[in-house]
Amino acid sequence: MDHKSTSHSPGIDFNTSQLKKYRARRFLKDRFARRGVAAGGVGVILAILLIFLYLLYEVMPLFASVSIAPVASYPSSAGAIFVSLDAQADIAMEAQASGGLVFFASRSGVLLHNDSLPLPVGSTVEQIVTDAGGSGLMAAGLSNGNVVLFDQGYRFAATGIAPDIRYPLGRRSFAMADAPAPLTALAISDGERQLLVAGSVDNQLVLTVFAKSNHLLAEAVASKSASVMLPAVTGEIKQLLIDPEQSWLYVYSDSNRLTVINIRDVDHPYVQETLALTAPAVTVTDMVFLSGGISVLVGDSQGTITQWFMVRSDNGPAFRPVRSFRIGDDPVDKIVSEQGRKGFLAADINGVVGLFHTTSSRTLLSESLVHGRIDLMAVSPRGDYLLLVSAGKTQFFAVDNPHPEISWSALWGKVWYESYPQADYVWQSSAANNGVEAKLSLVPLTFGTLKAAFYTMLLATPLAIGAAIYTGYFMAPALRRKVKPVIELMAALPTVILGFMAAVWLAPLIESRLAGILALFLMVPGGILLFALCWDHLPFAHRPAEGMQAILLVPVVLASGALAMVLGEQLEAWLFAGDMSLWLTVKWGIPFDQRNALVVGLVMGVAVIPTIFSMAEEAIFSVPHHLTTGSLALGATPWQTLTRVVMLTASSGIFAAVMIGMGRAVGETMILLMATGNTPITEANIFQGMRTLAASIAVEMPQADVGSTHYRLLFLAALVLFVFTFVVNGVIDLVRYRLRRKYSSL
């Protein structure tokens, strides 16, 4: 063809109106697709960010600072020796030395009601004490040595809530001793079966016992049954305390001496121990019970408040100091405890008030609220209001302190809880009564999460990667097309079904045939190796096609598994007295729980294996074919090609598969709820259970009060899981990137 004919050829016109419209439509579609994909990616990032911000929003109030704000101030009545607040902090009560009870509005000081105690003629009230058990019972110690018991309550009236004073023994007083003498110390304890009143008359301890008779349709009626003379105490008796369990009478005498008297058997009391509460040059200034009556708070002349409680020891119960708090350098003057929490307030002689919490070991606030010494101090039962009487003036404060139980040490450190022999990690978010100390350590939950993931991955990782290697590299393509979908289909099994099977079938099976289950881990691999060795030396004329040998292993695995179970049953009978789980507990001191980490590892492994297998097999199968054929052509064996070419090239994908499988194990909920026993312990023992963060959130969130410490702490657990997942994904991306760069030249 000449040049002339070529230049005059019609050619193709790319600028027709139809092609222009096509290009415009395609451009719009491409632009829409790009923006849609970008918007989807940004939306995912924003969704994750919003989840993080919401979790942070719910968690941040746990660490908010505490504040005290003045609400009202008004003159106080003369002669007050005791003050208290009702549950809502709306009504305050002042008890006067003359026996008068004055009820007034706490926010305004307006008088609401006047009452008086039934005092004998010529006597006055020396002191008023309350029951440490929170029954509301009070006792007034009189100047003539008598005691009046009364219960300060409230009832609904036509004008609103009105005070209601009740007298369990009637409107009368009773004498603690035969001869009239002032009571220098007084304590009461109202139990289910008896009421105890302890007093010091002429420095002699007297215990009066009132037995209770219960009636079906009426309240318990107390009647005096005995007066017991307690062991003599050295020094001048200044203060008494009786614990709510009516086991111990604490007697503070002299300047710092404490005598602990065992009164479990009131007919035979004896001195448990005598000790010094402070150094010789330091004086005890106040001593009160912490909420619940287990711990005793001791204030001294150096501004220190020390928490003491009974500790189990080799020589029996011992009264020991646990932790200390400081309000300043001036002597502690008064201590009052919150009723529903393990917090307390203390004031020094100059009007500085400190707010503390024992379990979290926190000094929440220290502030000068009045000028000069505080005469009387009361905190509302909920710990949200404070009433101070000083220099003839009553001041009412609002306390913003919603979450004092939370601190770094309480969440992640060992805490010495009441009645425990030593500091430990404990999670106990709820209890039968409010006096029980909240134990909110996240360590057992975090440890349980990692423990479950560890034993799951210990089983799932080698099986999943081994299956992926064989399926992606050695297996015949025809067999691979059938095997791979079946394994991946396992991922569709509902985890609740797996958990149900683990709890109902697998856990009892493992307990009854533990030796056989453990033998499986030896017999099955051993059977496969033995079969392979024998197969290599048998002169078969017809061998299966290359990559189809796995079919022959199915009966081998089944037979070796059955043999392991049979031999395991015989081994248990011969070596472990017929019960290996009981033998481990008795002989070696290894506790065995039916729902334990072994059950979790087996069942969670079934749930995680498909995830790891699918990703790892895809990475191995995607290795370029020319790399493997080139390696084989150069004389490498299939195994050398696998380990030095295929595995290195696919290492980033395999690593990602393992890490994603671990993320699945960490976040699993239903299997762990049903198969672990939900015991929050920090034991690595494979035969014991655990409780995970995810399981705790699922179980406890529906029961937690919105806005409570428990509620926000569960959000903190979710935040810990979220951050852990974020860190794991970050590590995955970093390691995959480096592995790709390192082996991309292969």
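**A four-stranded sheet and some other places to look**

Mentor: Let's take the open sheet built from four strands, which run in the order β15-β16-β17-β18 with antiparallel pairing. At its edges sit β15 (237-242) and β18 (270-276), each of which pairs on one side only. Going from one strand to the next, the twist averages 20°.

Some ground rules before we zoom in. This is a predicted model, so to speak: local features need pLDDT of at least 70, side-chain atom pairs count only at pLDDT 80 or more, and totals for chains, interfaces and linings use all residues. Residues are numbered from 1 along each chain as its sequence is written, and side-chain values use heavy atoms, with hydrogens and water left out.

A few words on the terms. Strands (E, at least two residues) and helices (H or I, at least four residues) are DSSP runs, numbered from the N terminus. Two strands pair if DSSP finds at least two bridges between them.

You can follow the pairing by finding Ile 237 opposite Ser 253 in β16, and Ile 242 opposite Leu 249 in β16. The two strands form a hairpin with five residues between them, and in that turn Gln 246 has a positive phi of about 60°. Is β15 buried or exposed? Five of its six residues are buried, so the rest of the structure largely encloses β15. Here "buried" means under 20% relative accessible area, "exposed" over 50%, and "partly exposed" in between (1.4 Å probe, protein chains only).

Next, a helix for contrast. In α11 (residues 625-633), the buried residues are Leu 627, Thr 628 and Ser 631. They lie on the same side of α11, because they cover an arc of only 95° around the axis; that arc is taken from the directions running from the helix axis to the C-beta atoms. Turned away from that buried side is a face with the exposed residues His 625, His 626 and Ala 633. The cover over the buried residues includes α4 (443-474) and α12 (638-649), where contact means heavy atoms within 4.5 Å. Just past the end of α11, Gly 635 has a positive phi of about 105°.

Helix α10 (residues 597-621) is where you'll find Phe 621, which is partly exposed at 43% relative accessibility. Leaving out residues up to four places away in sequence, Phe 621 touches Gly 472 and Arg 480. The C-alpha atoms of Phe 621 and Phe 474 are 9.9 Å apart, although 147 residues separate the two along the chain.

On to charged pairs. The whole structure holds 16 salt bridges, each being a side-chain nitrogen of Lys or Arg within 4 Å of a carboxyl oxygen of Asp or Glu. One of them joins Arg 107 and Asp 90 (2.7 Å, N to O). Arg 107 is in the loop between β4 (100-105) and β5 (111-116) and Asp 90 in the loop between β2 (80-85) and β3 (91-96), so this pair ties together parts 17 residues apart in sequence. Arg 107 is partly exposed at 35%, and Asp 90 is partly exposed at 38%.

Another salt bridge links Lys 342 and Glu 418 (3.0 Å, N to O). This pair spans distant parts of the chain, 76 residues apart, with Lys 342 in the loop between β23 (332-337) and β24 (343-348) and Glu 418 in the loop between α3 (408-412) and β30 (427-428). Lys 342 is buried, with a relative accessible area of 4%, and Glu 418 is buried too, at 6%. Elsewhere, salt bridges with shared partners join Arg 480, Lys 484, Glu 488, Glu 617 and Glu 618 into one network.

Last, confidence. The mean pLDDT (the predictor's confidence in each residue, from 0 to 100) is 88 for the protein, with 94% of residues at 70 or more. Where pLDDT is low, the predicted coordinates should not be read in detail.

Methods:
Axes are lines fitted to C-alpha atoms, for helices over the stretch in contact, and angles run from 0 to 180 degrees between N-to-C directions.
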